[in-house]
Amino acid sequence: MTATTIHTRLHQLETMLLIRAYEEQLVALQRQGAPGTCTSVGQEACAVGVVDALEARDRILTNHRSAAHLLARGADPKRLMAEVLGRVDGYCGGHSGSLHISAREFGVLLTSTIVGAELSMAPGVALAQKLGQGQFDNGSGGITAVFFGDGAACEGIFHESLNLAVHWQLPLLFVCENNQWQAFVHRRETMADEAISAWARGHGIATQRVDGNDVEAVHAAASQAVAEIRATGQPQFLELVTYRLRGHFEPDDQAYVDPSELKHWQARDPIHTLRAWLLDSGHVDVATLEAMERRVRTRIAEAMQFAQASAWPEPETLTTYVYA
Amino acid sequence: MIHMTAADAMHLALREEMQRDPRVLLMGEGVATKRPDLVRDFGTARVRNTPLAEAIIAGTAVGAAASGLRPVIDLLFAPFLTYAMDALVNSAGKLRYLSGGQFEFPLVTLAMTGSGCCVCAQHNHNLEAMFVHAPGLHVVMPSTPADFKGLLKTAIRDANPTLFFTDMALLYQEGEVPEDADYSVPLGKAAMRRTGTDVTLVSYAKTVNVCMQAAEQLHAQGIAAEVIDLRSLKPLDEATVLQSLRKTGRLIVVHEASGLCGIAAEIAALAVSQAFDALRAPVVRITGPDAPSASSWALEQAAVPQTDAVVRAAFDLMQDAQHSGVAMRHERTAANIPA
């Protein structure tokens, strides 16, 4: 095991901790009256593993559970938090709230909360990259990664998107975070099959199905897929098997969740697993990890202060940005 | 000027804009099949046949538009737009706003509609008002070959997503079209087709011709009708309508789409709220019925506002001014007016 590997895993753990702390802060805020939110608690390894495999020239489309992708990409928790609270310093000036945050400067584009809309728009972004004329396409060879869930895979647009991407040979990485839940309905109630990747293979796309709670496995699979896309120009499909540890939307008492299943997946919490792995490696001590946790807590506290100090948008801006 | 059909005028606009701007690309169901000369001149990368799947055509156009391309998509018939609603309404119409202005969506959606071809309700449905109601979208529906060219060019150059509705019955009507590659028609600017002092007829698409014929008949009877062709439904040229109304004091709005919450209702509300003092008679709407379009020629024609109905309504309004006690119904559909 190299020092580089340890360094990479430490960095990934810190990002995952930041995502977890940020979303837990949103949950606490909701209890105090802030707008509700959709968290991705338990899915942090998916976001970090894939985003780490991308380059600055690549583009990301995400969905209502976007915080992990944004934070992994380097978005500032201060501006994210300000957006959630509807303040002017948010990435979208308070127009979005938590559900559709885009941050163009990080290449996180066109976030939509309509399940499946990310799949409808992603081929167009990849087409612009392929044709080399995209205004966000800084140089050639960029690819697009689109994040969606098993719920979106049950939308018809999933198949339309895959078919077009394969037939048009678009530089597009499909990332399905199969978190077993489609809003308030378990995946096994909606699908005859276990695997989304089986559906994807029918469209003639190369697929990988990996443990979405293992950041190393996710990163390795994503890196391989991205390299294949760059080399061949063909799209790739990644299914990350994971679990949504919290409800669909805050607040949600999860009364509909099988406690034994939840317990099983809590025991596979990607953050706990990575933390234990680092300690077991013998290269990282508890003090290092505790210092990391303190840094994360400080960043979230600073983000809260920043967001709460940020001004409300002026009512006159109500109709700003409707038209170009 | 060249004499050509509206369909050819649209083709010319596409060719000129693709020539002018390498970011313009054409996608849709059969665009490459039907326009081989564009494939020859601009290549298969820019003229792309698609699967018969409106949702992904529109979604792809939205993603491409936000990434610097300027797609024109042909979704064929207006009722097929309902498959593309999420991409057009929720994404193209809203994501600029929701992102705090980070993106623009310069894309044009072409869709045919209107009576005259007996294609029935799932190929003919004038649902333009649905898109007027959606924020972030522009909506145009021209009536002359020159406007088909000029408005399509403007729509392609516009930074906003634009619905370009083509009235099927007008596609093969001929007219004079400017040759100038820089000719364009501004959005939000109505065309005054005929001036008059007694009554204002406001319309768009094929019923502009209905109003022109009605104005001709009214002229023979000593009534001077002014005819306004809206052309652009959003943005809407309120000033031209109000200016005319202040002159005539009488307003008839005519369109093929059904009346409830339609363009005519909006024009009527505009008149009442902005020019109530100028109104010498109630505003009249003559529209299609709240019914799906039928295939039968007889039923299709019964659903569309006809010249006689407009003439009769104008006469009624002139009468109304003289006999204010006469009861009349001012909301009417084409079908309930006897021929």
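Visitor: What distance separates the centres of domain 1 of chain B and domain 2 of chain B, taken over C-alpha atoms?

Guide: The two centres, taken over C-alpha atoms, lie 28 Å apart, and the contact (heavy atoms within 4.5 Å) takes 29 residues from domain 1 of chain B and 25 residues from domain 2 of chain B. Domain 1 of chain B covers 2-177 and domain 2 of chain B covers 191-336, the bounds coming from an automatic or database domain assignment. This is a predicted model, in which local features need pLDDT of at least 70 and side-chain atom pairs count only at pLDDT 80 or more, while totals for chains, interfaces and linings use all residues. Residues are numbered from 1 along each chain as its sequence is written, chains are lettered from A and ligands numbered from 1 in the order in which they are written, and side-chain values use heavy atoms, with hydrogens and water left out.

Visitor: What area do domain 1 of chain B and domain 2 of chain B bury between them?

Guide: Buried area is the accessible area (1.4 Å probe) that two parts lose on being put together, summed over both. For domain 1 of chain B and domain 2 of chain B this comes to about 2,000 Å², with 53% of it on carbon and sulfur atoms.

Visitor: How many salt bridges are counted between domain 1 of chain B and domain 2 of chain B?

Guide: Side chains of opposite charge can pair when their charged atoms come close. The rule asks for a side-chain nitrogen of Lys or Arg within 4 Å of a carboxyl oxygen of Asp or Glu, and between these two domains of chain B the count is three salt bridges. Elsewhere in the listing for chain B, K206(B) pairs with D167(B) in a salt bridge whose closest N and O atoms are 2.9 Å apart.

Visitor: How many residue pairs are in polar contact across the interface of domain 1 of chain B and domain 2 of chain B?

Guide: A polar contact is a pair of N or O atoms within 3.5 Å; within protein, one must be able to donate a hydrogen and the other to accept it, and residues adjacent in sequence count only if both atoms are side-chain atoms. Across this interface the rule finds 18 such residue pairs, both residues being at pLDDT 80 or more. On the side of domain 1 of chain B that touches domain 2 of chain B, two or more residues come from each of helix 7 (128-132), strand 6 (138-140) and helix 8 (145-157) of chain B, where helices (H or I, at least four residues) and strands (E, at least two) are DSSP runs numbered from the N terminus.

Visitor: Which residues of chain A and chain B are in contact, in terms of how many from each?

Guide: Here 41 residues of chain A are in contact with 42 residues of chain B, and the two chains bury about 3,300 Å² between them, 64% of it on carbon and sulfur atoms. The count of salt bridges between chain A and chain B is zero, whereas 11 residue pairs are in polar contact, both at pLDDT 80 or more. Strand 2 (108-109), helix 5 (117-131) and helix 7 (156-167) of chain A each supply at least two residues of the side that touches chain B, and helix 5 of chain A gives the most, with 10 residues.

Visitor: In what order do the six strands of the open sheet in chain A stand?

Guide: Strands of a sheet pair through backbone hydrogen bonds, either parallel or antiparallel; two strands are said to pair if DSSP finds at least two bridges between them. In chain A the six strands form an open sheet in the order 2-1-3-4-8-7, and the pairing is parallel. Strand 2 and strand 7 (206-211) of chain A are the edge strands, each pairing on one side only. Six bridges join strand 4 (residues 172-178) to strand 8 (residues 236-241) of chain A, and F174(A) stands opposite F237(A) in strand 8 of chain A.

Visitor: Where is the cis peptide bond that involves P251(A)?

Guide: That bond joins E250(A) and P251(A), with omega about 0 degrees, and P251(A) is found in the loop between strand 8 and helix 10 (259-266) of chain A.
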